[in-house]
Amino acid sequence: MFQPARERKTVSVSCTTSFAQLWLVPQLKGFHAAHPDIAVQITSTLWPDDYLTGKTDIEIHFGRTAQMKPKAKLLMPIRFVPVCAPALSGPVADFDDLWKLPLIETVGALYGWSRWTRQFSVSGRQAPAFIVDSMILAQTTAIAGLGVALVSPALCHDALSSDQIHAVLDLPTQVEDCFYFSVMDSAADRPAVKVLCDWLEDAASSH
C-alpha cells in the first residue's frame, strides 16, 4: 500500500558562503541522519551586510560581541593560522622564512595579515601576491599551491586533515571575533528550530 512521504518541517539558516561550504554543510550529514523530518534551508551570502535580516529562522554571524544582536549566543571562538600546500615550502622556522613565500590576502575579512602580524610585532611582510574575497577562495588558492593564506583551522579542518594544506608557524593568536548565532523572535518557539540550535552548539563544541 502506498505510504505518503512524511512532511518535513523546514528551518532556514543564513550564513556566509565560506561558513556554509567549509563547516555547516560538511556537518549536516549527522544532523539529517538524526532528524530526517527536519529540512534545513541554507541562504548564503558573500558579505555579512547582504544577510536577509529577519527573513530566516537562524542567523550565523562572525564578529565581536558588541556587534551582535542582544540575544545572540556564542557558537565557536576562532583563531587564524597561516597555511599552504605542502609542496610550496620546506620548513618555515621563523617569520623571515614565511615572508619569502607569496601571500594570499582575503579582502573584506575582519582578520587579515596586518592584524595577524601586529600581535607578534614583526615587520618585513611583503604585499600579497593574490587577493581573494572569501575564506573558501583563500583555502582553494592555498591548495593550488599559489601561496600562504590565513585561515581558521575549525573551518578548514577537512583540507588540513587530508593534508591538502598544512599550518606554518602555528602560533597562538588572540582573536576577539567569534561566530555567533541568533534566532528570530518569530521562530524562537518552534521545536524544530530549537533542535537545530542545540545541534549547532553540540557540533561546534567538538571543534
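The legends below describe close-up views of a predicted model.

**About the model.** Residues are numbered from 1 along each chain as its sequence is written, and side-chain values use heavy atoms, with hydrogens and water left out. Because the model is predicted, local features need pLDDT of at least 70 and side-chain atom pairs count only at pLDDT 80 or more, whereas totals for chains, interfaces and linings use all residues.

View 1. Of its 207 residues, 44% count as buried, where buried means under 20% relative accessible area, exposed means over 50% and partly exposed lies in between (1.4 Å probe, protein chains only). Among the contacts in the protein chain with a separation of 6 or more, 80% are accounted for by residues 24 or more positions apart, a contact being heavy atoms within 4.5 Å.

**View 2. The packing of helix 1 against helix 6.** Helix 1 (residues 17-34) and helix 6 (residues 191-205) pack at an angle of about 115°, with their axes 11 Å apart, and that angle makes helix 1 roughly perpendicular to helix 6. The axes are lines fitted to C-alpha atoms, for helices over the stretch in contact, and angles run from 0 to 180 degrees between N-to-C directions; angles under 35 degrees count as roughly parallel, over 145 as roughly antiparallel, 65 to 115 as roughly perpendicular and the rest as oblique. The crossing of helix 1 and helix 6 is right-handed, which applies if the near helix is turned clockwise from the far one by less than a right angle, and left-handed if anticlockwise. Helix 1 contributes Trp23, Leu24, Gln27, Leu28 and Phe31 to the contact, while helix 6 contributes Val195, Leu196, Trp199, Leu200, Ala203 and Ala204. By class, the residues of this contact divide into 10 nonpolar, one polar and no charged, with Ala, Val, Leu, Ile, Met, Phe, Trp, Tyr, Cys and Pro counted as nonpolar, Asp, Glu, Lys and Arg as charged, and the others, Gly among them, as polar.

**View 3. Helix 4 and its surroundings, including helix 1.** The axes of helix 1 and helix 4 come within 7 Å and cross at roughly 60°, and helix 1 is therefore oblique to helix 4. Ser18, Gln21 and Leu22 of helix 1 meet Met135, Ile136 and Gln139 of helix 4, and this contact has three nonpolar, three polar and no charged residues. The buried residues of helix 4 (residues 135-143) are Met135, Ile136, Ala138, Gln139, Thr141 and Ala142; what covers them includes helix 1, strand 5 (81-84), strand 6 (103-106), strand 7 (130-132), strand 8 (148-151) and helix 5. Helix 4 is followed by Gly145, whose phi is positive, near 80°.

**View 4. Asp158 in helix 5.** Asp158 lies in helix 5 (residues 157-161) and is partly exposed, with a relative accessible area of 46%. Not counting residues up to four places away in sequence, Asp158 touches Pro26 and Gln164. The side chain of Asp158 also makes a polar contact with the side chain of His157 (3.5 Å); such a contact is a pair of N or O atoms within 3.5 Å, of which, within protein, one must be able to donate a hydrogen and the other to accept it, and residues adjacent in sequence count only if both atoms are side-chain atoms. Asp158 and Trp23 are 135 residues apart in sequence but 9.0 Å apart in space, C-alpha to C-alpha.

View 5. Thr173 is placed in the loop between strand 9 (166-167) and strand 10 (178-183), and counts as buried at 14% relative accessibility. Leaving aside residues up to four places away in sequence, Thr173 touches Arg79, Phe80, Tyr111, Trp116, Gln119 and Phe120. Leu169 has its place in the loop between strand 9 and strand 10 and is buried, with a relative accessible area of 15%. Most residues other than glycine have a negative phi. Leu169, although not a glycine, has a positive phi of about 50°.

**View 6. Ser121 in the loop between helix 3 and strand 7.** Ser121 lies in the loop between helix 3 (113-118) and strand 7, and is exposed, with a relative accessible area of 70%. Its phi is near 50°, a positive value in a residue other than glycine.

Notes. Helix = DSSP H or I, 4+ residues; strand = E, 2+ residues; numbered from the N terminus.
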